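Could you walk me through this structure, one piece at a time?

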Amino acid sequence: MNFLNASNMRGGYGRGADILNGATITVEKGQIGVIVGPNGAGKSTAMKAIFGMLALREGSVLLDGADITALSPQDRVAQGMGFVPQTNNIFTSMTVEENLEMGAFLRKDDIRPTIAQVYDLFPILADKRRQPAGELSGGQRQQVAVGRALMTRPSLLMLDEPTAGVSPIVMDELFDRIIEIARTGITILMVEQNARQALEIADIGYVLVQGANAYTGTGAELMADPEVRRTFLGG
Ligand SMILES: Nc1ncnc2c1ncn2[C@@H]1O[C@H](COP(=O)(O)OP(=O)(O)O)[C@@H](O)[C@H]1O
Ligand SMILES: [Mg+2]
């Protein structure tokens, strides 16, 4: 059974036309799933639908076998989902540590061990814990956003373009950390513009076009597919 099974998703914004046209996204436990595709394909919309920020007109979302299609985002967090949105994913006027504390808002137990784990994963954040997050570099801010999402100890971590606007070196570093997170058993679903690099670490990859699955395969399969290379990976 797939750990995440978002199947046949159809939906759009308000009363507008469908943006998702039957997209299906599944990821196995502890694996890394990657969604790539052109701008406006509906990648972020699919992530929002999986997280419950957009009501589906058709289709369903199952997490570890449980149907969560009707749940609010907050209830999905309680069920084990963590989400790092593409934009506005940190509180810039709050310190790094306050951001992490905000991420744990649903928890009643001791959050210190989880903060320590985030600082182990991203040591620079420990150094900057008392600084307003808005003063950090782009890559460090993305670390704060990922750390914040880890504070609820998710079983599924969803990342919408975590490497947007960072240098290639910082991107590689962030991908290494994402692999490290997956090795702890956390399932990852990530949208990426850096398609080649992301597919290199993908157990399962999806090329989304106009809200539907255009190509699906392991990262290696997609990178070896001449049509995918020509159309989406620049040859
Ligand atoms: N909040 C919104 N309200 C209405 N339309 C939106 C909204 N967000 C995105 N869209 C539209 O949905 C389509 C898919 O957008 P998006 O999911 O952001 O694509 P991607 O992440 O693949 O670049 C685009 O046509 C976009 O204009
Ligand atoms: Mg997007």
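Here is a tour that goes from the sheets to the helices, then to the ligand and a few single residues.

Keep in mind that this is a predicted model, in which local features need pLDDT of at least 70, side-chain atom pairs count only at pLDDT 80 or more, and totals for chains, interfaces and linings use all residues. Residues are numbered from 1 along each chain as its sequence is written, while chains are lettered from A and ligands numbered from 1 in the order in which they are written.

Let's begin with the open sheet of 6 strands, whose order is β6-β7-β8-β3-β9-β10, with mixed pairing. The edges belong to β6 (81-84) and β10 (212-217), and each has a single partner strand, so one side of each has no neighbour in the sheet. Neighbouring strands here are turned by 15 degrees against each other on average, direction ignored. A word on terms: helices (H or I, at least four residues) and strands (E, at least two) are DSSP runs, numbered from the N terminus, and two strands pair if DSSP finds at least two bridges between them. As a general point, strands of a sheet pair through backbone hydrogen bonds, either parallel or antiparallel.

Within this sheet, β7 (residues 156-160) and β8 (residues 187-191) pair in the parallel sense over 5 bridges. If you want a landmark there, Leu159 stands opposite Met190 in β8. Helix α7 (residues 168-183) packs on the sheet, touching β3 (32-36), β7 and β8, and its direction makes about 150 degrees with that of β8. Axes are lines fitted to C-alpha atoms, for helices over the stretch in contact, and angles run from 0 to 180 degrees between N-to-C directions. Contact between two residues is called when their C-beta atoms, placed from the backbone, lie within 7 Å. Helix α6 lies across β6 and β7, running at about 165 degrees to β6.

Now move along to β9 (residues 204-209). β3 and β9 run parallel and are joined by 4 bridges, and Val34 stands opposite Gly205 in β9. With β10, β9 runs antiparallel, over 5 bridges; here the partner of Val207 is Tyr215 in β10. The hairpin of β9 and β10 has 2 residues between the strands, and in it Gln210 takes a positive phi near 50 degrees. Strand β9 is mostly covered, with 5 of its 6 residues buried. A residue is buried if 20 or more other C-beta atoms lie within 10 Å of its own, exposed if 12 or fewer, and partly exposed in between, with C-beta atoms placed from the backbone.

The other sheet to look at is an open one of 4 strands, ordered β2-β1-β4-β5 with antiparallel pairing. Strands β2 (20-27) and β5 (66-67) stand at its edges with a single partner strand each, so one side of each is left without a neighbour in the sheet. β4 (residues 58-63) and β5 share 2 bridges in the antiparallel sense, and Leu63 stands opposite Ala66 in β5. Helix α1 (residues 43-51) lies across β1 (4-11), β2 and β4, at about 65 degrees to β2.

How about helix α3 (residues 96-103)? Its buried residues are Val96, Glu97, Asn99, Leu100 and Gly103. Seen down the axis of α3, these fall within an arc of 155 degrees (taken from the directions from the helix axis to the C-beta atoms), so they line one face of the helix. What covers them includes α4 (112-121), α5 (123-127) and α6 (138-150).

On to the ligand. Around ligand 1 you'll find Tyr13, Gly16, Ile19, Gly37, Asn39, Gly40, Ala41, Gly42, Lys43, Ser44 and Thr45, where being near means that a residue's C-beta atom, placed from the backbone, lies within 6 Å. This shell divides into 3 nonpolar, 7 polar and 1 charged; Ala, Val, Leu, Ile, Met, Phe, Trp, Tyr, Cys and Pro count as nonpolar, Asp, Glu, Lys and Arg as charged, and the others, Gly among them, as polar.

Finally, some single residues. Gln131 is found in the loop between α5 and α6, and with 14 C-beta neighbours inside 10 Å it counts as partly exposed. Leaving out residues up to four places away in sequence, Gln131 touches Thr95, Val96 and Leu136. Glu161, in the loop between β7 and α7, has a positive phi near 55 degrees and is buried, with 21 C-beta neighbours inside 10 Å.
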